[in-house]
Amino acid sequence: MTSLFDSHPVPCSRERLEEGAVLLRGFAATEAPLLVEEVERIAQRAAFRHLVTPGGFTMSVAMTNCGRVGWVSDRSGYRYDVLDPDTGLSWPPMPEAFLDIASRAAAEAGFANYDPDACLINRYIAGAKLSLHQDRDEKDASAPIVSVSLGLSAVFLWGGKHRSEPVRRLRIENGDIAVWGGPARFAYHGVAPLSDGQHVLTGNVRINLTFRKVF
Ligand code: SIN
Ligand code: FE2
């Protein structure tokens, strides 16, 4: 069901994906330029890199992090680490603007007092994709995942709670935010290979911020 909410400077709508999961279209449209600037600042200290999976594949999506801990992967497995393995330094702090948009989106989706300690930043170029997966490396499963799309649009894959469920394909655009928690916290999701394109904010890339409460 789609409904419009008022009291917002740009048009937004809410689309329920399933119980505990919602797509807030346009929710971060106003803040998007500032969020992209913050990503550029973060990447100067913690550069985007292509991580290797435990199985030995190099991911097509380039990643970095900000916050108390960052998500990393290598041949030994997936984990959250307080240090950036590329520099040996702590990850850049989470910008105020990140915390603000993430907690407002979580509240809008019904999750009050959201206080994420990690933000994984994904960068997609044409052809880059993220296979269907669950986010399950976090110790605090009571908090939702908040996922902010910036720049080029993409096709978000929403698979529901079981791998066997049919996968929905949803176009997500600059400023859209997906929130999933509660009964949907371990829903399968992914991103289809990105199409070529140009966006005024990000050029030929899509950026995604995923907020997590790890501890
Ligand atoms: C993720 O699953 O971590 C990111 C999803 C996205 O890029 O939209
Ligand atoms: Fe994910």
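Student: How many bridges join strand β10 to strand β13, and which way do they run?

Tutor: Strand β10 (residues 154–160) and strand β13 (residues 188–191) are antiparallel and joined by four bridges. Two strands pair if DSSP finds at least two bridges between them. Helices (H or I, at least four residues) and strands (E, at least two) are DSSP runs, numbered from the N terminus.

Student: What sort of model is this, and how is it numbered?

Tutor: It is a predicted model, where local features need pLDDT of at least 70, side-chain atom pairs count only at pLDDT 80 or more, and totals for chains, interfaces and linings use all residues. Residues are numbered from 1 along each chain as its sequence is written, chains are lettered from A and ligands numbered from 1 in the order in which they are written, and side-chain values use heavy atoms, with hydrogens and water left out.

Student: Back to β13. Which residue is the bridge partner of Trp 158 there?

Tutor: His 189 is the partner of Trp 158.

Student: What sheet does β13 sit in?

Tutor: An open sheet of four strands, in the order β8-β13-β10-β11, with antiparallel pairing. β8 (130–133) and β11 (168–172) each have a single partner strand, so they form the edges and one side of each lacks a neighbour in the sheet. From one strand to the next, the twist averages 20°. Those angles run from 0 to 180 degrees between N-to-C directions, and the axes are lines fitted to C-alpha atoms, for helices over the stretch in contact.

Student: Which residues coordinate the iron ion (ligand 2)?

Tutor: His 133 (NE2), Asp 135 (OD) and His 189 (NE2), at 2.1 to 2.2 Å. Donors are N, O and S atoms within 2.8 Å of the metal (3.2 Å for Na, K and Ca); water is not among the atoms, so sites may look incomplete. The spacing of the donor residues in sequence is H-x1-D-x53-H. His 133 belongs to strand β8 and His 189 to strand β13, so the pair ties together parts that are 56 residues apart in sequence.

Student: What geometry does the site of the iron ion (ligand 2) have?

Tutor: Irregular, with angles of 88 to 176° among its four donor atoms. Four donors count as tetrahedral if all angles lie between 85 and 135 degrees; four count as square planar and six as octahedral if opposite donors are over 155 degrees apart and all others between 65 and 115; anything else is irregular.

Student: Is His 133 buried, partly exposed or exposed? What about His 189?

Tutor: His 133 is partly exposed, at 22% relative accessible area. His 189 is buried, at 4%. Buried means under 20% relative accessible area, exposed over 50%, and partly exposed in between (1.4 Å probe, protein chains only).

Student: Different topic. How many residues of strand β9 are buried?

Tutor: Seven of seven in β9 (residues 145–151). β9 runs antiparallel to strand β12 (residues 177–180), with four bridges, and Ile 145 has Trp 180 as its bridge partner. β9 is also antiparallel to strand β14 (residues 206–212), joined by six bridges. In that pairing Ser 147 stands opposite Thr 210.

Student: What does Thr 210 touch?

Tutor: Not counting residues up to four places away in sequence, Thr 210 touches Ala 118, Cys 119, Leu 120, Asn 122, Ile 145, Val 146 and Ser 147. Contact means heavy atoms within 4.5 Å. Thr 210 is buried at 5% relative accessibility. Its side chain makes a polar contact of 3.2 Å with that of Arg 212. A polar contact is a pair of N or O atoms within 3.5 Å; within protein, one must be able to donate a hydrogen and the other to accept it, and residues adjacent in sequence count only if both atoms are side-chain atoms.

Student: And β4, which residues are on each of its faces?

Tutor: Ala 62, Thr 64 and Cys 66 are on one side, with Met 63, Asn 65 and Gly 67 on the other, and all are buried. In a regular strand the side chains alternate between the two faces of the sheet. β4 pairs with strand β7 (residues 118–124) in the antiparallel sense over six bridges, and Gly 67 is opposite Ala 118.

Student: What lies 3.0 Å from a polar atom of the side chain of Asn 65?

Tutor: The backbone nitrogen of Trp 71. Asn 65 is at 2% relative accessibility, so it is buried.
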